[in-house]
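Let's walk through this one together, chain by chain and then across the contact. Have the structure open as you read.

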Amino acid sequence: MKKEIPAESTGRVLTWLQDRYDLSAIEYLIKKKEVPIHRHSLWYYFGGITLFFFIIQVFTGIMLLLYYRPTAEAAFESVQFIMTEVHFGWLIRSIHSWSANLMVAAAFIHLFSVFFMQSYRKPRELTWVTGVVLLLLSLGFGFSGYLLPWNELAFFATKVGTEIVAVVPFIGEFLLKFLRGGEDVTGATLTRFFGFHVAVLPMITTLILVFHLWAVQKQGMSVPPQFENKKTSLKSMKFFPNFLLRDVLGWIIALGVLAAVAAIFPWELGVKADPFAPAPAGIQPEWYFVFMFQTLKFIPAKVLIFDGEMLGVLGFGIIGVLLVLVPFFDKKAVLGETSKLLRAFGIIAIVYILVMSIISYAVPQTF
Amino acid sequence: MKSKKIFLINLFVLSGGWFCFLFSQSPEQADNVNSCVSCHLEMGDELAVPVTGMEQDVHDRLGLSCVSCHGGDPKAGLDGDLEAAMDPAKGYIGIPERSAIPQLCAKCHSEPNYMRQFNPRVSTDQFARYKTSVHGQRLQRGDTKVATCIDCHGVHGIRNAKDARSSVYPPNIVKTCGKCHADSEYMKDYGVATDQVELYSTSVHGKALLEKGDQGAPVCNDCHGNHGASPPGAPSVAFVCGQCHLNNSELFIKSPHKMAFDDMDLPECEACHGNHAIEHPTDEMIGAGEQSMCIDCHEDGSKGFETAVTIRREIDSLKGKIHFADSLVSVAERAGMQVSEAKFQLNDADDALIKSRTIIHSLSVDQIKESTGEGIKLTDAATKAGWEALDELQFRRKGLAISIILISILALGLYLKIKEIDKKYPFKTEGE
């Protein structure tokens, strides 16, 4: 026989909590919050999906942490142990690796959808800024985590990846040594990356993520300018339960996609890194860095009197800064108008990323 | 007053005595006074050459000097009396005759009691062995072009053989022997080849020593001897090679080849492997292929020919199975599957292959089959483990695929629930 919790006991708990803490915000969220419905509502779910993958990362990451050993001598063997000896260790590792990639993918989709819907306009400027920073942090998670299994591909990709920062004017050499913990990629780099991956980045991400989520809940969902003018005719649904259940449905579909890619492409262990061996063929960074690597390869070694690679790195740096500052120079968005220039920039960026990535995978690479 | 005078005299005598004591030479130093070095250096040019670098000489370091070999009286030279210093009556011999050099060195090096004071374990049979060598025998017959002690060890500035800068330190020996043996002009009267150094450099031994720096690799004297240097006779080649390749040598000596080679006066190991240009042996050397050594003697259809073909087939079979199992296990390992036991089995199978290649020297098909059989058993086990690991990988993938079905059912159920909820809490238009 099904045993139900008496309603009055739940009420007593809530009353007890209400006496001590102001729960009106939660009450509002449950009872009053509305989510606008329009033909671009689908994109709202990608923020939640990104969050879902992040939660998976935290839990699977903690499980991996129980067995992982961050030294050049033991890292590969510990991952091998996780995959071969630990019950369902292979599953946890595969999910952690795939979920990381899907999280970055979902974050990119979320970023571009917010960009095109101009949801960054007043009063959500800081939500956008923190969102872009969270995406950059996700890339940092990806870059630092890629090295941790200490396999051949990861080792040489990290070597190439860290080399690029050396071209940054004035501080390049310092950055290189700071990232590597010395002149070259060694066990010191691995320990350092491990520290970034499990302590520094999670701490910063958690703080920013809390603000980002708080801001989203506080300010509600943004309506694209083209619908805002017809606000009176816009439909809306209750956040709880209608939207939340749809969010959960999105999470379940995301879980299905995760299971599918993990089944079709099981994450490999690879071959242990040998720092003295020559770089093997087919070294590729993670897919989300590929368009930048390909760009750097296309830039001539010298552009006028400047180092081509340095110009490329500076270019990406400037684009990153401009991306963060988009809400502050898109004056039309506040007026409910669309900036054709920014829209064109967004479309070109997507096409550019796709084309460069396709070229990189289609043409054999030698980094 | 008188007592004061006596005191001062005593003080003077005593202080003078101390002065003399401090600045006079010790008896040992006095004996070692060497006018040869100072005069020769002073005269310079070619006369200075013999004494330049003498401070590095092992003899000089042990307290010996020019007089120990050349005789004479270096003390007399200190007074400027060169004639007395180089007086034949005082044992001065000047530059020794080449033919007399071995005896000259042997004066000390063949005296165990004398040599023991420097090194209790040093051998003193160099001269006796030298006399048995081709060099020594030709020297006795009056050929002074042959190598004597100084041609290999140097003259002034001789270093200990364990000194890496010594001309007889193992990695330097090839160059030292090659000084004469690679000089076709110098060797033209002897009718021997002068390409040994060149051939050795291309050999498996030469590459190990000269390219990889492996000092365990044999050099000229390891096969030919050093002081008793001579080419090994045909029947003793297996013993020479067997110093390092013990198993191969023992199997060969017990094999039917031993008697046949002796009858045909073939130089054993050398007949198949060569001498100075020994290449890394390959499986192609066996069987009936173009590079086979067997078909040089065994005609098609003969028993030897059939044996060669069978041996090659056995080796190829094991090698092929190891290659396949290794590829399979590597795929599973890269995928993160547990194959450590299979890898141990493959290591043991590799050992069985090496053992089988060694057993080839016995020419016993039964022994080879027994060895390759062990390897094949191990390889089969590794292959099975490899397949099982890949099956397990597929099982995991299927498990995940099934989970997708469950997730889809869950998603569908939730979708239907959402539809129901939407009816319960319908969408509102702004302002309602």
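First, a word on burial: a residue is called buried if 20 or more other C-beta atoms lie within 10 Å of its own, exposed if 12 or fewer, and partly exposed in between, with C-beta atoms placed from the backbone. By that count B:R141 is exposed, with 8 other C-beta atoms within 10 Å. You'll find B:R141 in the loop between α12 (134-140) and α13 (149-153) of chain B. Its C-alpha atom is separated by 16 Å from that of B:G228, and the two residues are 87 apart along the chain.

Some housekeeping. This is a predicted model, where local features need pLDDT of at least 70 and side-chain atom pairs count only at pLDDT 80 or more, while totals for chains, interfaces and linings use all residues. Residues are numbered from 1 along each chain as its sequence is written, and chains are lettered from A and ligands numbered from 1 in the order in which they are written.

Now for chain B as a whole. Its secondary structure comes to 25 helices and one strand; helices (H or I, at least four residues) and strands (E, at least two) are DSSP runs, numbered from the N terminus. The radius of gyration of chain B is 39 Å, well over the 22 Å that the globule rule gives for 432 residues, so chain B is more spread out than a compact globule. That radius is taken over C-alpha atoms, and the rule is 2.2 Å times the number of residues to the power 0.38. Along the principal axes, the C-alpha atoms of chain B fill a box of roughly 140 × 90 × 40 Å. Of its 432 residues, 23% count as buried. Take the contacts in chain B between residues at least 6 apart in sequence, and 55% of them join residues at least 24 apart. Contact here is judged by C-beta atoms, placed from the backbone, that lie within 7 Å.

One spot in chain B deserves a look. B:E268 has a positive phi of about 45 degrees although it is not a glycine. As background, most residues other than glycine have a negative phi, and most peptide bonds are trans. B:E268 is in the loop between α21 (256-264) and α22 (269-273) of chain B, and it counts as buried, with 24 C-beta neighbours inside 10 Å.

On to chain A, with 15 helices and four strands. What would the radius of gyration of a compact globule be with 367 residues? It would be near 21 Å, and chain A has 23 Å, which agrees. The C-alpha atoms of chain A fill a box of roughly 70 × 60 × 40 Å along the principal axes. Of the 367 residues, 34% count as buried, and among contacts in chain A between residues at least 6 apart in sequence, 79% join residues at least 24 apart.

Ala, Val, Leu, Ile, Met, Phe, Trp, Tyr, Cys and Pro count as nonpolar, Asp, Glu, Lys and Arg as charged, and the others, Gly among them, as polar.

Helix α11 of chain A also holds A:P241, which a cis peptide bond joins to A:F240, with omega about 10 degrees. Another cis bond runs from A:K122 to A:P123, with omega near 15 degrees. A:P123 lies in the loop between α5 (89-116) and α6 (125-147) of chain A. That loop between α5 and α6 is also the place of A:Q118, a residue other than glycine whose phi is positive, near 55 degrees. A:Q118 is buried, with 26 other C-beta atoms within 10 Å.

Finally, where do the chains meet? The contact takes 28 residues from chain B and 32 residues from chain A. On the side of chain B that touches chain A, the elements that give two or more residues are α25 (365-424) and β1 (428-429) of chain B. α25(B) gives the most to that side, with 17 residues. By class, that side of chain B has 15 nonpolar, six polar and seven charged residues.

Technical notes: Two residues are in contact if their C-beta atoms, placed from the backbone, lie within 7 Å.
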